[in-house]
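Here's a quick tour of a ligand site and a cavity. Take a look at the structure first, then read on.

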Amino acid sequence: MRKPIIAGNWKMFKTLDESVAFVKELAPQLAPFSSVERVVCPTYIALAAVADVLKDTEIGVGAQSLHWEEQGAYTSQISPTMLVGLAQYVIIGHSECRAYLNETDETVNKKVKAALAHGLKPIIAVGESLAQNEAGETETFVSGQVRAALDGIDATSMENIVMAYEPIWAIGTGKNASGEIANTIISKIRATLADLYGKDVADSVRIQYGGSVKPGNMAEYMSQPDIDGALVGGASLKVDDFTKLIEIAAAEKGA
Ligand code: PGA
C-alpha cells in the first residue's frame with residue numbers, strides 16, 4: 001500500500017523568523033497523523049532552522065530545488081551536498097522553475113540523478129499548460145516529461161521518487177482539475193511508469209496532485225484511487241489549512 005504524502009511548497013514566502021514560528025506551531029498539530037507522510041519545503045534560507053525545529057518530529061523537510069553539481073562557480077545555486085542532513089526531499093521540475101528559471105527536461109534529469117546520488121528523494125513535478133490542455137495534448141506531453149525526467153534512472157531508484165502532477169493552469173489560480181480528471185492523468189503517468197519499469201514498480205510509486213489544493217477540495221482528490229497525496233502551495237502557508245489537508249488525507253487514505 002502506498003503511504004500518502006502531503007508536501008507543502010512554501011515558494012518564496014515567509015522570512016526566517018516566520019518560518020521558524022510557523023513550524024513550531026505546525027509540528028504539534030500534525031503529530032497525530034502518522035499514517036500520512038508530512039513534508040514542508042521552506043526557502044533555502046530557512047531550511048537549516050526549520051530542520052532544527054523539526055528534528056525530533058516525524059515531519060520531513062524538502063528543498064525547493066538544487067543544482068546538480070556538488071560545488072562550483074554557480075552563483076545563487078545550492079548543491080546536493082549542502083542539502084544533505086537538512087532535507088530528505090527536494091522538489092524538482094516545478095513549473096515555476098521551468099517557466100522562470102530555465103528549468104528544462106534535461107536539467108530536471110540531471111537534478112534527479114544528483115539528488116538520488118546524495119540520498120535525497122526527488123519530488124518530480126510535471127504538468128501541461130492551458131494551451132496544451134485545450135489542444136488535447138496533456139497525456140502525450142506529461143508522459144514525455146516523465147520519460148525525460150527519469151531517463152537513465154533504474155527501477156530500484158523508483159522507491160525514492162515521488163511524482164507530482166501539477167497542471168500549470170491550476171497552480172495558484174484557484175482553478176483546479178476535478179478529482180476525476182486528475183486521477184485519469186495520474187493513472188496515465190502510472191501507465192508510463194509501468195511501461196518503463198513494469199507494473200509492480202509503477203504500482204508502488206506515489207503520485208501527488210498539485211494545483212489549488214485546499215481544505216474544500218482535498219477529499220475529492222484523496223478519494224481517488226491513483227492519487228497518493230498532494231503538493232500544496234497557498235494552503236500550506238497557513239497552519240490550520242495545512243493541518244486540515246493532512247487530516248483529510250489521513251481520513252481518506254490512512255491505514
Ligand atoms: P498552489 O501551488 O497550491 O498554490 O496552486 C501548488 C504548487 O505550485 O506546488
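Around the ligand there are 13 residues, and K11, H94, E166, G172 and S212 come nearest (near means that a heavy atom lies within 4 Å). This shell splits into four nonpolar, seven polar and two charged residues. The model is predicted, so to speak of local features takes a pLDDT of at least 70, side-chain atom pairs count only at pLDDT 80 or more, and totals for chains, interfaces and linings use all residues. Residues are numbered from 1 along each chain as its sequence is written, and side-chain values use heavy atoms, with hydrogens and water left out.

Here are some polar contacts, meaning pairs of N or O atoms within 3.5 Å:

| Protein atom | Distance to a ligand oxygen atom |
|---|---|
| H94, polar side-chain atom | 2.6 Å |
| G172, backbone N or O atom | 2.7 Å |
| G234, polar backbone atom | 2.9 Å |

On its own the ligand has 280 Å² of accessible area, and the protein covers 95% of that (Shrake-Rupley method, 1.4 Å probe).

The largest cavity holds about 30 Å³ of space. Its lining (residues with an atom within 4 Å of a point) is made up of G93, S95, R98, A125, V126, G127, Q145 and E166. By type, that lining divides into two nonpolar, four polar and two charged residues.

How values were computed
Polar contact = N/O pair within 3.5 Å; in protein donor to acceptor, adjacent residues only side chain to side chain. Nonpolar A, V, L, I, M, F, W, Y, C, P; charged D, E, K, R; others polar. 1 Å grid on protein atoms, 1.4 Å probe; cavity = no way out; pocket = protein on both sides within 12 Å on 5 of 7 lines; lining within 4 Å. Points joined across faces, edges and corners; volume = space filled by probe spheres on them.
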